Amino acid sequence: MFLIVKSLLALILVFSYNLFAEEVSNFDYFEKPYKNNELKSGAYFSREETRDIEKDEFENPGMIWVERGSELFNKKMGIKNNSCANCHSQDNNYLKGVATSYPKIHQNKLINLEQKINMCLENKMNLKPELLESNNILSLSSFITYLSKGLPMNVSIKGEAEEFFKRGRQLYFERIGQMNLACNQCHDNLAGNYLRAEKISQGHINGFPSYLMRWENIASVHRRFQFCNNQARAEPLEIGHADYNALQLYIAWRGNGLPLESPSVRR
Amino acid sequence: MYIKTLIIINLLIFINFVHANEELVSYDIVDLSIPSSLTNEDGDIKNGRDIVLSRRGNCLACHKIPSGNDIFQGNIGPSLAGVGNRYTISELRLRLVNPYVLNPDSVMPAFYNVRGLKRVDKKFREKPILTAQEIEDVISWLFTLKTEEM
């Protein structure tokens, strides 16, 4: 008898807790940590030397990927002997602005730009899809993103995107890893402070694909997520994972309005 | 040769398994402190200093610390200069073992805890960041930091 009462009480407790949690999280679901006039790109927090390298297109190592991407974009490939440029007009203008809206919904799924490129390779050009973090995909995505340089980030979280947005938001605030850290603890609450030698930024992704000097390589948004996961000693997810896309959507939305800066340069 | 490596691999897995299931030392929290030592041995002050200033404790990621010759010191937490003056050994022990008791939102990790964690990397699963003895070593050195001078 006592046991039944006890478990009933426990049930009520759990239930009311859930109700409460629901209420709190719905309340400020669409609140952003930074207002539009407070948004600052990662470049603002990086060192002057690094920023100078980013600004100078002759020095910026990320431009190598942009150039390689431009060549690939215009190269005829596959049995159809087609190039991306065949479909996307000769002067490339057709894809200008496109990068500002990714990740976006495609056939009920949220996909990012690298995945979209792979779909074109596979479905429109009869080529084998490439690894998302391969040189070819990152070159094409760097080039296509570069076409939108200076245009404001503008992802949509309406309609079908909303549930992915909510998932992404949840992931952003979830404490993970042996260090038990969540993204917001560093990028909402500690921006401007130093984590050892590193000045913490607001954690935006308007500079991706981004050239990381420590790896002497270009990195996708998902690669950067893996790196932050490593630092919290959390299990990283696979590049292209649905949860990383959801997280990418939340972070992109939180920075909507920031001009695209890819290829950015970071330490 | 093949059999030998197999045996070694099995042994390694077994040892890992035993380690992974090792229970953490239990402790009582009294007046926002942990009065009893987690081990039977005194803290080794020199080893404590090494842990704090090296990647092992990685305390410099967030704190400024006296005699940290490293010019790269974080400023997320308070400076640890004079921390031995501000707190007793028992209070320092709680701050390392479980800072969430004092501040549930703390960015400082609990250095001796394996509970309630999500998605921990395989390499670190079921292991505390520092061992019980390492905690004792660290707090014995922190307690020597008596002045505010860097």
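**Exercise 1.** Find the backbone oxygen that lies 2.6 Å from a polar atom of the side chain of His63(B), and describe the surroundings of His63(B).

*Solution.* The oxygen belongs to Pro78(B). A polar contact is a pair of N or O atoms within 3.5 Å; within protein, one must be able to donate a hydrogen and the other to accept it, and residues adjacent in sequence count only if both atoms are side-chain atoms.

Next, locate the residue: His63(B) sits in the loop between helix 2 (45-53) and helix 3 (83-86) of chain B. Helices are DSSP runs of H or I with at least four residues, numbered from the N terminus.

Then check burial. His63(B) has 10% relative accessibility and therefore counts as buried, the cut-off being under 20% relative accessible area with a 1.4 Å probe, protein chains only.

Finally, list neighbours. Leaving out residues up to four places away in sequence, His63(B) touches Gln73(B), Gly74(B), Gly77(B), Pro78(B), Leu80(B) and Met108(B); contact means heavy atoms within 4.5 Å.

A word on the model: it is predicted, local features need pLDDT of at least 70, side-chain atom pairs count only at pLDDT 80 or more, and totals for chains, interfaces and linings use all residues. Residues are numbered from 1 along each chain as its sequence is written, chains are lettered from A and ligands numbered from 1 in the order in which they are written, and side-chain values use heavy atoms, with hydrogens and water left out.

**Exercise 2.** Describe chain B as a whole.

*Solution.* Start with the elements: chain B has five helices and zero strands. Now turn to burial: of its 150 residues, 36% are buried.

Technical notes
Helix = DSSP H or I, 4+ residues; strand = E, 2+ residues; numbered from the N terminus. Buried < 20%, exposed > 50% of the residue type's maximum accessible area, 1.4 Å probe, protein only.
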